[in-house]
Amino acid sequence: MKKIIIIIGIVIILILLGVLFFINDGATMLREGIFSGPDIGDTTDNTIPGDIQNEEEDEQFVLSGPLTQLTTRPVVGYNIVQTSSTTDPVIYFAEAGTGHVYSIDYYDFSEVRISNTTIQGVTQTLFSDDGQFAVFLGDSITVMSLPTASSTETSTFTLYETAESATIIGDTLLYQVKENNITGVKSYKLGSGLASERLFTIPFREAVVAWGSAINGPHFYYPKTASSLEGYLYSYVDGITNREPVSGFGLSAVALNDSVLFTTSDDDQLLKTYSLDGTFQEYFIRSNPHKCAPVSATNEFICGQPETYESNTDKDRMIGTVATKDRIRTLGVSDASVGQILEVSEEAGISIDVTHPIYAFESLLFTNKTTGNLWLYAF
């Protein structure tokens, strides 16, 4: 009898140990995929809404006085447009990945999708100031006519060329393309459906164009930026090309009226301006000129400037291995003045790396490089 009781006790102990093993290790194996759980299929919701016009995205905006985060998703182009002289300005942007175009009310930030045409491989989108056209850059150039007061339809026209960069001046698209061992700079009248026309030719292939604000220039160009390559600045004005007295390793520049804001690695990315009248100005601060937006009316730049700077920051930022924490400053071309506007990263509560800034309607639009989100600062 005692043997039977002992055997029953051992069996009960073994059963309890088995239950504990299944609860602990069995659950672990289930998580690791050793055992299969019930097959309920893929629960990921990949539904794309068919029509989200007039649908606002709640809790999308981060408001901090005049500084506003406009999107929580990456964008690939934007502008503040005015569709007529009697309407309020509107913010247009293109969504990364899809190329869908949205508008944001300038005052209450309500968002509306105005085009759901998907355009693959878009790297940059430009919007005309009157809001009639969007130009998508990628493997080809897609020109889209946007809805207007008289028509709600959209239409597209394709230029089968790959643009290295482009700008819209009035109703004309200017863009650069590689052609064998040279670079062609062309113009296309938006909405015309006509062929492009050559504006001028750059006698080397790897070129950067610093676009001006008039079709016939001044525009500036230089060899593609590299720390091991000495760059030289050239100007184009009304059919005439000149070599300008600006050069240096790692040359980088943006244009404003008849001036350029530039840096070189020779002087550790100190910002300077050069004007076609031969005037140079120095600002004794470091940044990348492409973090600066030209303001034609006041002849100044509004720039994102890193709060701290190291000699390798600019190079690492260009290849995407480092981001900067920026403030926003103004640089006067005529008097070399430097003004402090905003500690943007401190105001936002996160690190902001100001990228692709655009100034319009007394506001600065820019993206945060680390996220691609769109931000607005209203002056």
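Guide: A residue counts as buried when its relative accessible area is under 20%, and as exposed when that area is over 50%. Please keep in mind that this model is predicted.

Visitor: Is Cys 303 buried or exposed?

Guide: Cys 303 has a relative accessible area of 3%; the limit for burial is under 20%, so Cys 303 is buried. Cys 292, with 4%, is likewise buried.

Visitor: What joins Cys 292 to Cys 303?

Guide: In general, a disulfide is a covalent bond between the sulfur atoms of two cysteines. Here a disulfide joins Cys 292 to Cys 303, with an S to S distance of 2.1 Å. The structure holds one disulfide. The pair links distant parts of the chain, 11 residues apart: Cys 292 lies in strand β23 (residues 292-295) and Cys 303 in strand β24 (residues 300-306).

Visitor: Which handedness does the link of Cys 292 and Cys 303 have?

Guide: The link is right-handed, with 115 degrees about the S-S bond.

Visitor: Turning to sheets, in what order do the four strands of the open sheet lie?

Guide: Two strands are taken as paired when at least two bridges are found between them. The order in this open sheet is β11-β12-β13-β14, with antiparallel pairing. At the edges are β11 (165-169) and β14 (197-202), each of which pairs on one side only. From one strand to the next, the twist averages 20 degrees.

Visitor: How many bridges join strand β12 to strand β13?

Guide: Eight bridges join β12 (residues 172-179) to β13 (residues 182-189), and the two run antiparallel. Val 177 stands opposite Gly 184 in β13.

Methods:
Residues numbered from 1 in each chain as written. Predicted model: local features only at pLDDT ≥ 70, side-chain atom pairs only at ≥ 80, totals over all residues. Heavy atoms only, no water. Axes fitted to C-alpha atoms, helices over the stretch in contact; angles between N-to-C directions. Disulfide = S-S within 2.5 Å. Buried < 20%, exposed > 50% of the residue type's maximum accessible area, 1.4 Å probe, protein only.
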